[in-house]
Amino acid sequence: MSSESEEQQLSKKAAKKEAAKQEKMRRRQEAAALASSAASLSVEEDPHSSNYGDVSLPELKSCSQIDAGNWSLAVSSMEWTCVGELTQFLKEKEVLIRGRVHITRPVSKNMAFVVVREKGFTVQCLVTTQGEGVSRQMVKFVAGLNRESIVDAIGVVSVPENPIKGTTQQVELHVRKLYCVNKAMPTLPINVEDAARSDAEIEAALQSGDKLPRVNQDTRLNFRVLDIRTPANQGIFRIQCQVGTMFRQFLLSEGFVEIHTPKLIAGSSEGGSAVFKLDYKGQPACLAQSPQLHKQMAVCGDFGRVFEIGPVFRAEDSYTHRHLCEFTGLDVEMEIKKHYSEVMDIVDRLFVTMFDVLNERCQKELEAVGRQYPFEPLKYKPKTLRLTFEEGIQMLKDAGVEVDPLGDLNTEAERKLGQLVLEKYDTEFYILHRYPLAVRPFYTMPCYDNALYSNSFDVFIRGEEIISGAQRVHVPEFLSERAQACGIDVNTISTYIDSFRYGAPPHGGFGVGLERVVMLFCALGNIRKTSLFPRDPQRIAP
């Protein structure tokens, strides 16, 4: 009780400290806003005032053309161009763009630069009184824009003679009109520019005598909406989108049906105690640790082959780089005709296809990730390597690593085996199958030739497990026996077991964590980097 009290006191102190910090920041914002308002009132009359300024709220409410203001009239007759589409082929063309103020750089009263960013792409914009319809007041307005504010800019595309440093687009926009659609706070909790730096950049600056801000992981997650604006994070979650897309497209092409299973269930779906328990209208219930039971029931319902992409919940107190309390599960279940290797065949072709597509379609995204988090491309073979668990154990023993031949592999053993496989077979993606039965869930089918082993497998990327799969027990009497042996109350899964009493085909499947696939493909080292808003034992916000 005393330790809990100490933790509560520390938590209250931290909360008070954070509240004081936010109050200080709020007062600073108010002071800045008053100063800005006073400055705007003292500005002399500007004949070009219609070419810049803050967009009014009525205009943002989609007002009619009759009530349209300067911004509405300026953008109404133009098509939008994405910042990433600004290339030399648009030279001397007038374009309309929207983006965030990345940085501003005043040069003089007559000239200022502003870098505009949209979805990780950046372009340098020049605002000068030598341009058409640009006044000193407009230059001052642009120079005073807060970072991360949303702006619309109209200008002419120019191609400078020398390469532009610090932007993705090698063109310059000569601005004619610029409007602030939404103001960001004058002082941000973190700067996107700081959050986008690599460790190598920070270390290089230290070597030269400069000190650049380093944004730590907790701060990033506390202000995640700012952190995910960095080019690397834009790349990470676009790569993640492709992983989910390819998972779905490949399985649909193989005759699978997408299903959606309940996340509120009466009992544990995986065994053990790592479940989030809750009250369900007076009845005990929990959040599903897996769609395992229901996807099997769907196969028994004559869908034959099914898959699901959905949330999975684990109440484990795992404070590791690869565990989350909530993650996105990519789950598959399928009828087996002859042998459980049919499931491994799907894994093989699915992931090789996925890796090929990522390398082909996501080159820009992978480059953006690599600039901040350098990594070597994943090594994999057109036909995925398969080793038995016993073969893997022997490789470890030959390397001087002692492991329990009938136990599970710990993290260190998995990494060591991954290293040995890479050295011997030149691949970082492989399948290890025929695991000991004692370390698999109750519904796993034992091997026909040795009851100590099972028709199950794990799949590894860069020495870390990403997939767990197996043939399932589909004989109800044997399933009840296995559940009881694993300490599971058969009454809580009675409907699951009963579904096999009506005729069930041999079947198997697997599950994989979406965030873990992206983390290991890009060698990011921490699953929180690939979860949009991570949930772990210490974090349930934002």
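Predicted model: local features only at pLDDT ≥ 70, side-chain atom pairs only at ≥ 80, totals over all residues.
**Entry 1: H9 against H11**

I began with the pair H9 and H11, which are oblique to each other, because their axes make an angle of about 140 degrees and only angles over 145 degrees would count as roughly antiparallel. Helix H11 covers residues 341-361, and its axis lies 10 Å from that of H9. I noted the crossing of H9 and H11 as right-handed.

I then listed the residues that meet. On the H9 side I found Ile239, Gln242, Val243, Met246, Phe247, Gln249, Phe250 and Leu251, and on the H11 side Ile346, Arg349, Leu350, Thr353, Met354, Val357, Leu358 and Arg361. Sorted by class, this contact of H9 with H11 holds eleven nonpolar, three polar and two charged residues.

**Entry 2: H9 against H17**

Next I looked up H9 (residues 231-253) with helix H17 (residues 514-521), where the packing angle is about 120 degrees and the axes are 10 Å apart. That angle makes H9 oblique to H17. The crossing of H9 and H17 is also right-handed, as I had noted for H9 and H11.

From H9, the residues Ile236, Ile239, Gln240, Val243 and Gly244 meet Leu514, Glu515, Val517 and Val518 of H17. The classes in the contact of H9 with H17 come to six nonpolar, two polar and one charged.

I turned to the second largest pocket, which holds about 860 Å³ of space. Its lining has 32 residues, and those that lie nearest its centre are Gly120, Thr122, Thr168, Pro231 and Arg371.

Which element gives the most to this lining? I found that H12 does, with six residues. Helix H12 (363-372) is listed together with H9 and the strands E2 (94-108), E3 (111-118) and E4 (121-128), each of which supplies at least two residues of the lining. By class I recorded nine nonpolar, eleven polar and twelve charged residues for the lining of this pocket.

**Entry 3: the cavities**

How many cavities of 30 Å³ or more does the structure hold? I counted two. The largest cavity has about 40 Å³ of space, and its lining consists of Gln217, Arg220, Arg224, Asp227, Asn233, Tyr373 and Lys529. Helix H7 (217-222) and helix H8 (224-227) are the elements that give two or more residues to this lining. I divided the residues lining the largest cavity into one nonpolar, two polar and four charged.

For the second largest cavity I noted a volume of about 30 Å³. The residues that line the second largest cavity are His102, Arg147, Glu148, Leu188, Asn191, Val192 and Glu193, and they divide into two nonpolar, two polar and three charged.

**Entry 4: backbone notes**

Last, I checked two places in the backbone. The peptide bond from alanine 541 to proline 542 is cis, with omega near 0 degrees, and proline 542 lies in the segment after H17. Lysine 119 has phi near 50 degrees, which is a positive value in a residue other than glycine. I placed lysine 119 in the loop between E3 and E4, and I noted that these two strands are among the elements listed for the lining of the second largest pocket.

Note on methods
Residues numbered from 1 in each chain as written. Heavy atoms only, no water. Axes fitted to C-alpha atoms, helices over the stretch in contact; angles between N-to-C directions. Helix = DSSP H or I, 4+ residues; strand = E, 2+ residues; numbered from the N terminus. Parallel < 35°, antiparallel > 145°, perpendicular 65-115°, else oblique. Left-handed = near helix turned anticlockwise from the far one by under 90°. Contact = heavy atoms within 4.5 Å. Nonpolar A, V, L, I, M, F, W, Y, C, P; charged D, E, K, R; others polar. 1 Å grid on protein atoms, 1.4 Å probe; cavity = no way out; pocket = protein on both sides within 12 Å on 5 of 7 lines; lining within 4 Å. Points joined across faces, edges and corners; volume = space filled by probe spheres on them.
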